[in-house]
Amino acid sequence: MSKKGKKSKHHHQQAAHTQIATQELSTSDQQKLSTKYQNIFEKQVLSEYESENYRECIKQCDRILQAFPKNGETLAMKGLCLHCDGHRKLARNKKSGDDDDNNQYGFKANIYTATKNGTTDDGKTDDKADDPDASDKDTTTGTTTQTQSQTMTWEDEEQQHDGDAEARQMTNDGLQLIQNGLQCNIRSSLCWRVKALAHRSDKDWETAISSYKMAVKYDDENQRILTDLAALQIQQQKFTDFVATRYKLWILSQDRLTCIAYIVALFLAGEYSQCVSVMQENMDNSNNTFKLNRERTESNQLLLLQCKCLMRLQRYEEGLAFVTEQLQNQQIVDRLSGLQFKYEFELKLGRTQAAMTTVLSLIETNPENLRYHEQYQSLLLQGDDRTQLWRVYQELAQQYPKCNTIARLLLSGCGCGGDDEEEEFRTLAHAYLVRKFKKSVMSLYNDICALYDEDHKKAAILDALIAEY
């Protein structure tokens with residue numbers, strides 16, 4: 001025997017002895033891989049899974065399982081790859097089935113169109129379409145072709161059904177392997193995380209959340225696991241658990257993004273007081289390394305969130321002082337939202353004149369916003385003085401002559417109790433209609449339709465004006 005053959009035989013014998021030795025190890029001893037197989041697991045198994053090359057990942061798992069057949073993490077990874085590959089086959093079969101249906105319906109439509117037009121698929125004239133005798137001759141041939149087509153369709157459906165059954169069996173086998181891996185190494189956070197990933201792909205959210213919690217129990221500093229758990233918790237609207245998870249992430253990383261996420265979690269959970277305190281600590285402390293006011297836009301959103309928390313806590317004095325200070329310092333970029341909060345705080349405190357001034361500032365910024373006008377009218381009508389309301393809106397119409405909202409509100413507010421009022425309504429309606437007709441506004445009827453229901457005199461005036469045009 002040559003030296004090469006002796007060397008190969010010696011190598012196989014040594015590998016066989018090694019395999020027998022590892023198989024004789026207890027289940028707990030097999031959870032720690034040797035350096036060679038640990039490198040295979042970290043550099044090949046995990047990388048192939050991340051690359052979605054599931055079959056190659058299964059091959060590498062089999063290499064490890066030959067030496068360590070009860071290694072829990074390797075069994076779990078093999079099961080996860082089988083599970084993912086089964087889901088991918090199901091998706092591929094479904095897509096191919098949809099494509100076959102579309103092709104079948106398109107083929108039938110082409111035949112129908114070609115027969116109706118008397119042409120074939122290549123554009124040539126079909127003489128059989130004009131010859132009724134020829135169509136009778138081909139009846140048998142057409143029936144045979146249709147039967148063959150139906151037989152092929154049934155065969156395709158049966159083949160697709162078999163493929164779906166095989167794919168579902170793969171997913172079930174994968175889940176069973178994951179469970180076997182957990183039984184071999186129940187204290188492995190990787191096994192629990194693999195189980196969570198499998199149930200998440202099956203949309204079994206509750207089981208996935210429970211598995212992620214078990215993974216956190218055995219590895220409470222893994223930010224990847226905590227991030228996935230937080231995503232599922234917010235999806236299932238488990239706000240209390242979401243707060244706890246985001247707090248752990250904030251403690252681990254101590255950066256700006258995790259702090260903002262923790263603040264949002266507190267707000268969603270209804271813990272407004274704690275939310276305000278966290279924002280004040282991390283935005284006002286100049287010695288803090290992760291101050292939240294680096295970017296002006298983020299700072300603006302957090303300031304408005306703090307205003308909303310103070311509003312829900314009914315701390316109106318503190319909220320008014322806070323929003324006034326931030327508006328003066330130009331820290332709130334969205335000035336309209338800031339003024340809206342200021343108006344609401346002043347209204348809650350009963351400061352009518354201050355609220356009226358704030359609403360006028362809003363109208364000055366955006367006179368077309370109907371909500372601002374409704375707020376302003378509610379303040380003016382507290383004393384039931386409609387004369388003052390009419391006079392104020394006439395002044396606003398002179399101040400903003402191109403504002404459509406103010407002109408439309410004047411039409412609704414104008415009465416028709418006397419000749420002077422009817423004439424005034426006619427003048428306002430004429431100016432409003434002419435402006436709309438010149439711009440060819442298609443929704444003009446829907447705009448003035450409500451005026452017909454308000455007063456029959458207004459309806460008569462509008463009809464007379466439109467008849468003159």
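Of the 67 residues that form the largest nonpolar core, the ones touching the most other members are Ile263, Met279, Phe345, Tyr376 and Phe425. Helix H13 (residues 296-312) gives this core its largest share, eight residues. Here, a nonpolar core is a set of buried Ala, Val, Leu, Ile, Met, Phe, Trp, Tyr and Cys residues joined through side-chain atoms within 4.5 Å; buried means under 20% relative accessible area, exposed over 50%, and partly exposed in between, with a 1.4 Å probe and protein chains only. Apart from this core lies another, of 41 residues, among them Tyr49, Phe68, Leu182 and Cys191.

The model is a predicted one, in which local features need pLDDT of at least 70 and side-chain atom pairs count only at pLDDT 80 or more, while totals for chains, interfaces and linings use all residues. Residues are numbered from 1 along each chain as its sequence is written, and side-chain values use heavy atoms, with hydrogens and water left out.

As for the overall fold, the protein has 22 helices and zero strands; helices (H or I, at least four residues) and strands (E, at least two) are DSSP runs, numbered from the N terminus. Buried residues account for 36% of the 469 residues. Among contacts (heavy atoms within 4.5 Å) between residues at least 6 apart in sequence, 56% join residues at least 24 apart. The accessible surface, computed by the Shrake-Rupley method with a 1.4 Å probe and, for residues, with only the protein chains shown as cover, comes to about 28,300 Å². Carbon and sulfur atoms hold 48% of that surface.

Leaving aside residues up to four places away in sequence, Phe425 touches Leu411, Cys414, Cys416, Lys458, Ile461 and Leu462. Phe41, found in helix H2 (residues 35-50), counts as buried because its relative accessibility is 4%. With the sequence neighbors up to four places away again set aside, the contacts of Phe41 are Leu33, Leu46, Ile64, Glu73, Thr74, Met77 and Leu190. The C-alpha atoms of Phe41 and Gln60, which are 19 residues apart along the chain, are separated by 7.7 Å.

The cysteines were also examined for bonds. With a disulfide taken as a pair of cysteine sulfur atoms within 2.5 Å, the count comes to zero. Cys309 illustrates the point: the closest cysteine sulfur, in Cys275, is 3.8 Å from its own, too far for a bond. Cys309 is buried, at 0% relative accessibility, whereas Cys449 is partly exposed at 27%.

Charged pairs come next. Side chains of opposite charge can pair when their charged atoms come close. The structure holds 13 salt bridges, each a side-chain nitrogen of Lys or Arg within 4 Å of a carboxyl oxygen of Asp or Glu. In one of them, Glu344 pairs with Arg371, the closest N and O atoms being 3.8 Å apart. This pair links distant parts of the chain, with Glu344 in helix H15 and Arg371 in helix H17 (residues 370-380), 27 residues apart. Both partners are partly exposed, Glu344 at 24% relative accessibility and Arg371 at 45%. Arg371 is also touched by Gln340, a residue of helix H15 (residues 335-348) that is buried at 8% relative accessibility.

Lys457 is partly exposed at 31% relative accessibility, and Glu422 is partly exposed at 24%. Glu454 and Lys458 form another bridge, with the closest N and O atoms 3.1 Å apart. Here Glu454 is partly exposed, with a relative accessible area of 41%, while Lys458 is buried at 3%. Elsewhere, Arg55, Asp85 and Arg88 are linked in a network of salt bridges.

On the surface, Phe437, Ile466 and Tyr469 form a nonpolar patch with about 280 Å² of accessible area together. Patches are made of residues with over 30% relative accessible area and no salt bridge, like charges being joined within 9 Å and nonpolar side chains (Val, Leu, Ile, Met, Phe, Trp, Tyr) within 5 Å. Ile466 sits in helix H22 (residues 456-468) and is partly exposed, at 35% relative accessibility.
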